[in-house]
Amino acid sequence: MVTLATLEAVVRLSFVGITPDTPTNECPAVYVDEDTGDVWFQGEQVTDPQALAEVDGHSPIGEHEVVVKLPPVMKDIILEAINGTYERGRRGPGRHGE
């Protein structure tokens, strides 16, 4: 089981935000790796073969890659991550320190 403590030992992720009207803690989210500046997305994995074929037609999907979709409401949160205007140290509503 990967815990937050284990994840923090590997990367320093900053939580940027989740969908504002999420009914549960398991929802689309955006993070930034503070060491590399990489933007991480948590969302619904696309599994529809036709949708994946369309994506693959533009940019082949690597063996270790997945396509993730996020709702339009996430645009501002993604921009926060890209622009670096998010609050560092912010924590999501999920389980912490387990």
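# Briefing: strands, salt bridges and a surface patch

V68 is found in strand β5, which spans residues 68-69. The structure described here is a predicted model. It holds 4 salt bridges, and a nonpolar patch made up of F41, V66 and V68 lies on its surface. Strands β2 and β3 run antiparallel and are joined by 4 bridges.

**Nonpolar surface patch**

- Together, F41, V66 and V68 have about 240 Å² of accessible area.
- The relative accessibility of V68 is 32%, so V68 counts as partly exposed.
- This partly exposed residue belongs to strand β5.

- Strand β2 covers residues 29-33 and strand β3 covers residues 39-42.
- Across the pairing, Y31 stands opposite W40, a residue of β3.
- The hairpin has 5 residues between the strands.
- In this hairpin, G37 takes a positive phi near 85°.

**Salt bridge between D35 and R12**

- One of the 4 salt bridges brings together the side chains of D35 and R12, with an N to O distance of 3.2 Å.
- D35 lies in the loop between β2 and β3, while R12 lies in the loop between α1 (4-10) and β1 (13-18), so the pair ties together parts that are 23 residues apart in sequence.
- D35 has a relative accessible area of 54% and is therefore exposed, the cut-off being over 50%.
- R12 has a relative accessible area of 48% and is partly exposed.

**Salt-bridge network of E80, E87 and R90**

- Salt bridges link E80, E87 and R90 in a network.
- The side chains of E80 and R90 meet in a salt bridge at 3.7 Å, N to O.
- This pair links distant parts of the chain, 10 residues apart: E80 sits in helix α3 (residues 75-83), and R90 in the segment after α3.
- R90 also forms a salt bridge with E87, where the closest N and O atoms are 3.9 Å apart.
- E80 is partly exposed, with a relative accessible area of 21%; the cut-off for buried is under 20%.
- R90 is partly exposed, with a relative accessible area of 25%.
- E87 counts as partly exposed, at 48% relative accessibility.

How values were computed:
Residues are numbered from 1 along each chain as its sequence is written. This is a predicted model: local features need pLDDT of at least 70, side-chain atom pairs count only at pLDDT 80 or more; totals for chains, interfaces and linings use all residues. Side-chain values use heavy atoms; hydrogens and water are left out. Patches are made of residues with over 30% relative accessible area and no salt bridge: like charges are joined within 9 Å, nonpolar side chains (Val, Leu, Ile, Met, Phe, Trp, Tyr) within 5 Å. Accessible areas come from the Shrake-Rupley method with a 1.4 Å probe; for residues, only the protein chains shown count as cover. Helices (H or I, at least four residues) and strands (E, at least two) are DSSP runs, numbered from the N terminus. Buried means under 20% relative accessible area, exposed over 50%, partly exposed in between (1.4 Å probe, protein chains only). Two strands pair if DSSP finds at least two bridges between them.
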